[in-house]
Amino acid sequence: MAGLEPMLPFSKGGSSQLELEPFQEGTLGTSQEKQCCPGFVSACSNFSIQYNYTSASIAAAIMLSDNDNIGTAVKPDFPQPAWVGHYLLGAVFMGSVVGMLLMGYLGDLLGIRPALILANGLTAMGALTSSLLSWGPPDTVWTVIIASRLLLGVGVGGNYPLSAAKAAESGKDLQVNAAEAANKAAYAFFWQGPGQLAPYMCAITSLQFRFLLGIGAVPAGVVLLRSWQEESSPRLNALDESIDRRAELRNRRHWWTLIGTAGSWFFFDVAFYGTVIFSPTILLKVFGEMESLPMLSIQAAAMITVTIIGNAGSLAVSTSRTPEGLSCLMYVVFALRLEILDLTYLLLTANHY
């Protein structure tokens, strides 16, 4: 279910319900004729988000392997200092918190296009520095990668609000109603699944970790280039829009919507990313303490493929279900699946399987 988290609807007139009003032609964004592929930028942004979130997990596994084997009995190519384990996988998320807050604000202040250019510039820079500057003793290599991941996280985190806004904006350009614009954002988020899968598909061929990390600059560079080539969206009545937003935020009904949406994101991300970034560790626990990197990558890819199928199923029924009902159903399924996995693992290990 990656990428299909609930979004926060804003309404008019103090109502907590989303009003399905057509967007006015020419008020936001470029016209359909000026966009050769509406939605491409937001879809590619979401691919970039998950590729760069996930790549460090398998890259670290490659660094801790020897002759394509990984496990507790293996002498790693790049011994990992104890402190690295506390910061390596979390650095990108620390940067993401800053990026989400900063880039979301800049998107409102400057416009989505310049904010996307800045966010993806930081993402590409972080991916390239982790690839090109990670040379020397193991301690230096790990330190450079962590610092680069922190910078990358600012850009990747900024892509979250900006890509959703960009997808909704492309819907406005096509003069669809608010619900259809939200669905376009959901379709863009679908591409987080393939982005999550891509690092493991690359790792099946036993690529070098530097190359694996550096590839993350490619989708970010594509988004940067396409955003640069686009025309700036006219920002009409920006002052009036700002006043309207402040008025909406003073409506206490919207605060309950905000708490529910933010809470859903929080609990989803704890469970989802806790599984995603520790996939190599979890798979080693399940399938044994010694595995080959290609086999580990195939197992992780199979697990992510199930996620992509779930995403596609959610999109297929999204037009016939309310976001609240669909989210509740998916959370129940998600929780049951995690409990079944946990109980099965405990049962099999207790019986020495």
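This is a predicted model: local features need pLDDT of at least 70, side-chain atom pairs count only at pLDDT 80 or more; totals for chains, interfaces and linings use all residues.
**Figure 1. Helices α6 and α12 cross in a left-handed manner.** Helix α6 covers residues 192–203 and helix α12 covers residues 293–317, with axes 9 Å apart and an angle of about 165 degrees between them. Angles over 145 degrees count as roughly antiparallel, and α6 and α12 are therefore described that way.

**Figure 2. A closer look at the residues joining α6 and α12.** On the α6 side you will find Gly-193, Pro-194, Gln-196, Leu-197, Tyr-200, Met-201 and Ala-203. Their partners on α12 are Ser-297, Ala-300, Ala-301, Ile-304, Thr-305, Ile-308 and Asn-311. Sorted by class, this contact of α6 with α12 holds 9 nonpolar and 5 polar residues, and no charged ones.

**Figure 3. Helix α2 meets helix α3.** The axes of α2 (residues 84–110) and α3 (residues 112–132) come within 7 Å and cross at roughly 145 degrees. Helix α2 contributes Met-103, Leu-106, Gly-107 and Leu-110, while α3 brings Ile-112, Pro-114, Ala-115, Leu-118, Ala-119 and Leu-122. The contact of α2 with α3 counts 9 nonpolar residues, 1 polar residue and no charged residues.

**Figure 4. The whole protein, for orientation: 13 helices and 2 strands.** Among contacts between residues at least 6 apart in sequence, 85% link residues at least 24 apart. The protein exposes about 18,200 Å², and carbon and sulfur atoms supply 68% of that area.

Methods
Residues are numbered from 1 along each chain as its sequence is written. Side-chain values use heavy atoms; hydrogens and water are left out. Axes are lines fitted to C-alpha atoms, for helices over the stretch in contact, and angles run from 0 to 180 degrees between N-to-C directions. Helices (H or I, at least four residues) and strands (E, at least two) are DSSP runs, numbered from the N terminus. Contact means heavy atoms within 4.5 Å. Ala, Val, Leu, Ile, Met, Phe, Trp, Tyr, Cys and Pro count as nonpolar, Asp, Glu, Lys and Arg as charged, and the others, Gly among them, as polar. Angles under 35 degrees count as roughly parallel, over 145 as roughly antiparallel, 65 to 115 as roughly perpendicular and the rest as oblique. A crossing is left-handed if the near helix is turned anticlockwise from the far one by less than a right angle, and right-handed if clockwise. Accessible areas come from the Shrake-Rupley method with a 1.4 Å probe; for residues, only the protein chains shown count as cover.
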